[in-house]
Amino acid sequence: MNKKIAIIGGGNLGSAIAEGLLKNKFCDPADITITKRRIESLKKLSEKGVAIISDNAEAVQQSEIIILAVKPYQVSDVLHSFQTKLTQKHLLVSVATGVLISELQEIIKKNIPVFRAMPNTAISIEQSMTCLSYTNANESQAATIEKIFSSLGRVVIIDEKLMEAATILGSCGTAYAMRFIRASIQGGIEIGFDVATASLIVEQTVKGAAELLMQKGSHPEQEIDKVTTPKGCTIAGLNEMEHQGFSSSLIKGIAVSYKKIEKT
């Protein structure tokens with residue numbers, strides 16, 4: 001890819017995006033610029049060849065793809081810091097939670113392609129689930145942004161009205177999955193494993209279960225049926241989990257998280 005990328009905001013997500021692009025060799029390190037007020041905190045990225053600067057306007061001026069990776073409350077001030085530098089050559093991508101495309105357009109006052117992306121923290125290891133929405137972009141421009149995030153995991157194009165729901169399922173979902181993994185490890189310790197062995201077994205089992213669904217395109221219940229035998233230990237465990245509210249509590253948790261994000 002020959003387009004230069006500016007990541008505005010070198011916090012956890014911005015740095016993770018940069019790390020992911022470097023790991024999969026998506027572009028030359030010199031084609032990535034990342035901004036932060038305290039640039040010394042990005043020393044590791046600098047050592048890998050990424051340009052680290054504190055001037056947002058300068059970063060935008062020398063790049064074509066702008067990834068806005070700041071906190072939602074910072075979006076307005078940060079956009080105003082480089083709004084005058086935006087031209088028709090630019091593609092603007094925001095990963096700020098809860099900030100609408102229309103709100104971004106109102107601030108920049110430029111008729112350029114604007115994308116809204118919702119990745120998750122697995123983007124740093126090229127395993128993100130990223131949801132994308134956009135406006136004013138042609139097929140080629142949309143493909144360019146999709147290619148960036150596809151190199152960092154899976155991508156799905158969605159209607160912007162579903163972006164909050166995507167945040168819950170794809171971003172908060174990482175925490176839900178981690179809590180399941182943690183509980184499974186604790187259960188493994190209770191039945192006799194040391195923590196390291198329990199962790200290895202659980203982590204690989206969860207990874208394998210996800211890969212089965214993704215590679216086969218099967219429904220979870222199909223795969224569950226393959227390991228549940230009559231009067232077996234699997235069905236006994238599953239039934240006890242359901243009696244204790246396993247599925248219903250997870251669904252309720254997702255619904256409560258969604259109601260929370262709707263109110264903010």
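Is I8 buried or exposed in this structure? At a relative accessibility of 1%, I8 counts as buried, where buried means under 20% relative accessible area, exposed over 50% and partly exposed in between (1.4 Å probe, protein chains only).

The model is predicted, so local features need pLDDT of at least 70 and side-chain atom pairs count only at pLDDT 80 or more, while totals for chains, interfaces and linings use all residues. Residues are numbered from 1 along each chain as its sequence is written, and side-chain values use heavy atoms, with hydrogens and water left out.

UniProt, in an unreviewed entry, places a "binding site" at I8, G9, G10, G11, N12, L13, A69, V70, K71 and P72; such annotations may be inferred rather than shown by experiment. These residues are spread over 65 residues of sequence, yet they cluster in space, with a largest C-alpha distance of 14.4 Å.

Two residues of this site are set side by side below.

Contact means heavy atoms within 4.5 Å. Not counting residues up to four places away in sequence, I8 touches residues including T35, A69, V70 and F82, and G9, with neighbours within four places likewise left aside, is in contact with G14, I34, T35, A69 and V70.
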